[in-house]
Amino acid sequence: MAILGKNIFIYQGSSGTTPIIAAAKTCSISYQTDLIEIASPSTAEAREYVAGRDDWSISLNHLVTAGAPFEGLLKVRHKYTISVVVGGQRRTGTVICQQADLNGAVGNLAEGSVKFKGTGRCPFYTA
C-alpha cells in the first residue's frame, strides 16, 4: 500500500473542521506489534507467541501552511489529528507531537521535521 507524502495532513482540531496546519513533503511511518509469549519453559520446547498491542509513529519533513502564527503551529506534548489518503479513502487518527524542529524566514512558509507518536488505532493499516 503506497501512502504519498502529499496526502498526509496535520490538523489542530478534528479533521475537516479546522484549517490544515501542516502538510507532508516526505514521511517515515513505523508500525509494529508487541508479541506475547504463550508457551512456558515447562510446557514447550519452543517459544510460541500471539500478537499483542499495536504501536505506531510517524516522522514528517513537512511544509507548514501560511496564515497561522509560527510559534503556535506545532507544539510538543499536544495532540493533533492526522489525515491520510489510502487507496482513495481518507482516514484520520490521533497523534501526540514528540519533537518539532521548525525554521523559516519571515514572510515565508515554515519548514522542518516533526515526530509524532500515534495513539489509538493506526489509520494507515487495517487488520
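The points below take up the nonpolar core, the salt bridges and the cysteines of this predicted model.

1. Core membership. The largest nonpolar core comprises 19 residues. Within this core, Ile10, Leu74, Tyr80, Ile82 and Phe116 touch the most other members. As general background, nonpolar side chains in soluble globular proteins tend to be buried together.

2. Strands that supply the core. At least two core residues come from each of the strands S1 (8-11), S2 (20-37), S3 (49-64), S4 (79-86), S5 (89-103) and S6 (111-119). The greatest contribution is that of S4, which gives 4 residues.

3. Surroundings of Ile10. Leaving aside residues up to four places away in sequence, Ile10 touches Ile20, Ile21, Ala22, Leu60, Leu74, Tyr80, Thr81, Ile82 and Phe116.

4. Number of salt bridges. How many salt bridges does the structure hold? There are 2, and each is described separately below.

5. Glu37 and Arg47. The side chains of these two residues form a salt bridge, with an N to O distance of 3.2 Å. Glu37 belongs to strand S2, while Arg47 sits in the loop between S2 and S3, 10 residues apart from its partner. Glu37 has a relative accessible area of 36% and is therefore classed as partly exposed. For Arg47 the relative accessible area is 60%, so this residue counts as exposed, the cut-off for that class being over 50%.

6. Asp55 and Lys117. In the other salt bridge, the closest N and O atoms of Asp55 and Lys117 are 2.9 Å apart. Because Asp55 lies in strand S3 and Lys117 in strand S6, this pair ties together parts that are 62 residues apart in sequence. Asp55 is partly exposed, at a relative accessible area of 24%. Lys117 is likewise partly exposed, with a value of 28%.

7. Cysteines. How many disulfides does a search of the whole structure find? The search returns 0 disulfides. A disulfide would require a pair of cysteine sulfur atoms within 2.5 Å. Cys97 is buried, with a relative accessible area of 2%. Cys122 is also buried, its relative accessible area being 9%. Both values fall under the 20% limit that defines a buried residue.

Conventions
Residues numbered from 1 in each chain as written. Predicted model: local features only at pLDDT ≥ 70, side-chain atom pairs only at ≥ 80, totals over all residues. Heavy atoms only, no water. Core = buried A, V, L, I, M, F, W, Y, C linked by side-chain atoms within 4.5 Å. Buried < 20%, exposed > 50% of the residue type's maximum accessible area, 1.4 Å probe, protein only. Contact = heavy atoms within 4.5 Å. Salt bridge = Lys/Arg side-chain N within 4 Å of Asp/Glu carboxyl O.
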